[in-house]
Amino acid sequence: MMNIAVLTSGGDAPGMNAAVRAVVRTALYYGMIPYAVHDGYKGLVEGNIKEMVRNDVGQILERGGTILGSSRLPEFKQEAYQKRAIEQLRNRNIDALIVIGGDGTYRGALDLSRLGLKTIAIPGTIDNDIASTEYTIGFFTALNTAIDALDKLRDTSFSHQRCTVVEVMGRNCGDLAIFSGVACGAEIVITNDTGFDKANVLENVKKAKEIGKRHLIIVVAENITDVTELARDIQEHTAYDARASVLGYIQRGGTPSAFDRILASKMGSYAVDLLKEGKDGRAIISDGIEITDCPLDEALTKENTPSDLYQYLPKLN
Ligand code: ADP
Ligand code: F6P
């Protein structure tokens, strides 16, 4: 009989709970003993680990956030911390670990696997920044939240003939920006993939006025520029009144979408299947709603290619 542990790490993402539920229920079905590690790698290092029973994961599929808690522990890059984490599992006769998180979590998982712990990684982050998988758990829910906010901002933008500059999350990945931009008919989207040239943006805003646009929406991925400053420049150098909004942490919360619930349920179950088959050091990947897996190191070395959605942005002429 195998004992397995599961943790959630990095930024929480809607659907993480559905994945935890699937891990626990599948493990119990196979006669394995599932353990929860609380608060990510921090809890792992500190030994905050508890056995899970069936009812511990009741009524959580539809809940946002993560019932296991999450954390960021920069020290986990150090081998001493990783060895301590493995020791905590070995002391409890736990044979394997399933981690749910983003690319930072994946790096930790790869190190643990290289140190001899059977490890499987499930992509869970609103950023969609893991190149090996088409979609990560939480991305579509965060996208729906961003779309909802953008639609509301468009109402007021239209009413007042304004240019509205909106910052969305994504860390260094532009997917939330480009997907929400296309879904809401944004006139301009700025991400690491488009690059940011302020003069060019101002030029395009002026063009929008020339072709008779009453209002316009600019979606900007975070960590690129200060959107309040950009709105100020637009107001100063173009004929539009301009305002900025930073959507922020609201994008991380909320009940998971249908897609995220299904993706998470499949991935959680699949991760346990891999362990049952004796697999190790694997990352789960989605090809749309289909699930497969690849080596963890491959998941981290694959390059993120820009979404083909960029071609669907409106041409301002
Ligand atoms: P995400 O998993 O969402 O990308 P982070 O980048 O914060 O979020 O990573 C989550 C945690 O993974 C970090 O707090 C740290 O404990 C661990 N981690 C991040 N990078 C590494 C690394 N290079 N090696 C080992 N562990 C790492
Ligand atoms: O990874 C999810 C995310 O929300 C990113 O979009 C954002 O850059 C980051 O986490 C914020 O991190 P923190 O919760 O540590 O402020």
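Reader: Glu 187, buried or exposed?
Author: Buried. Its relative accessible area is 7% in this predicted model.

Reader: Which residue does the Glu 187 side chain meet in a salt bridge?
Author: Lys 213. The N to O distance is 3.3 Å.

Reader: OK, Asp 293. Which residue does it form a salt bridge with?
Author: Arg 282. The closest N and O atoms are 2.7 Å apart.

Reader: Which strands are those in?
Author: Asp 293 lies in β11 (residues 290-295) and Arg 282 in β10 (residues 282-287), so the bridge ties together parts 11 residues apart in sequence. Asp 293 is buried, with a relative accessible area of 17%.

Reader: Which residues do salt bridges with shared partners join into one network?
Author: Arg 154, Glu 187 and Lys 213.

Reader: How many salt bridges in the whole structure?
Author: The search finds 13.

Reader: What about Lys 152 and Asp 148? How far apart are they in helix α5?
Author: They are 4 residues apart in α5 (residues 139-159), so about one helical turn separates them. Lys 152 counts as exposed, at 52% relative accessibility. Asp 148 counts as partly exposed, at 40%.

Reader: Switching topic. How is the protein divided into domains?
Author: Domain 1 covers 3-138 + 256-301. Domain 2 covers 141-252.

Reader: What separates their centres?
Author: 34 Å, taken over C-alpha atoms.

Reader: How many residues are in contact?
Author: 14 residues of domain 1 with 12 residues of domain 2.

Reader: What area is buried between them?
Author: About 1100 Å². Carbon and sulfur atoms give 46% of that.

Reader: Which three residues supply more than any other three on the domain 1 side?
Author: Asp 12, Ile 126 and Asp 127. Together they supply 44% of the area that domain 1 buries against domain 2.

Reader: How many salt bridges between the domains?
Author: The count is 1.

Reader: How many residue pairs are in polar contact across the interface?
Author: The rule finds 7 between domain 1 and domain 2, with both residues at pLDDT 80 or more.

Reader: Last topic, helix α1. How many residues, and what reach?
Author: Helix α1 (residues 16-29) has 14 residues. From its first C-alpha to its last, α1 reaches 20 Å, close to the 20 Å expected.

Reader: Mostly covered or mostly open?
Author: Mostly covered. Of the 14 residues in α1, 11 are buried. Among them are Met 16, Asn 17, Val 20, Val 24 and Arg 25.

Reader: What happens just after α1?
Author: Gly 31 takes a positive phi of about 80 degrees.

Notes:
Residues numbered from 1 in each chain as written. Chains lettered and ligands numbered in written order. Predicted model: local features only at pLDDT ≥ 70, side-chain atom pairs only at ≥ 80, totals over all residues. Heavy atoms only, no water. Helix = DSSP H or I, 4+ residues; strand = E, 2+ residues; numbered from the N terminus. Expected span 1.5 Å × (residues − 1). Buried < 20%, exposed > 50% of the residue type's maximum accessible area, 1.4 Å probe, protein only. Domains from an automatic or database assignment. Contact = heavy atoms within 4.5 Å. Buried area = accessible area lost by both parts, 1.4 Å probe. Salt bridge = Lys/Arg side-chain N within 4 Å of Asp/Glu carboxyl O. Polar contact = N/O pair within 3.5 Å; in protein donor to acceptor, adjacent residues only side chain to side chain.
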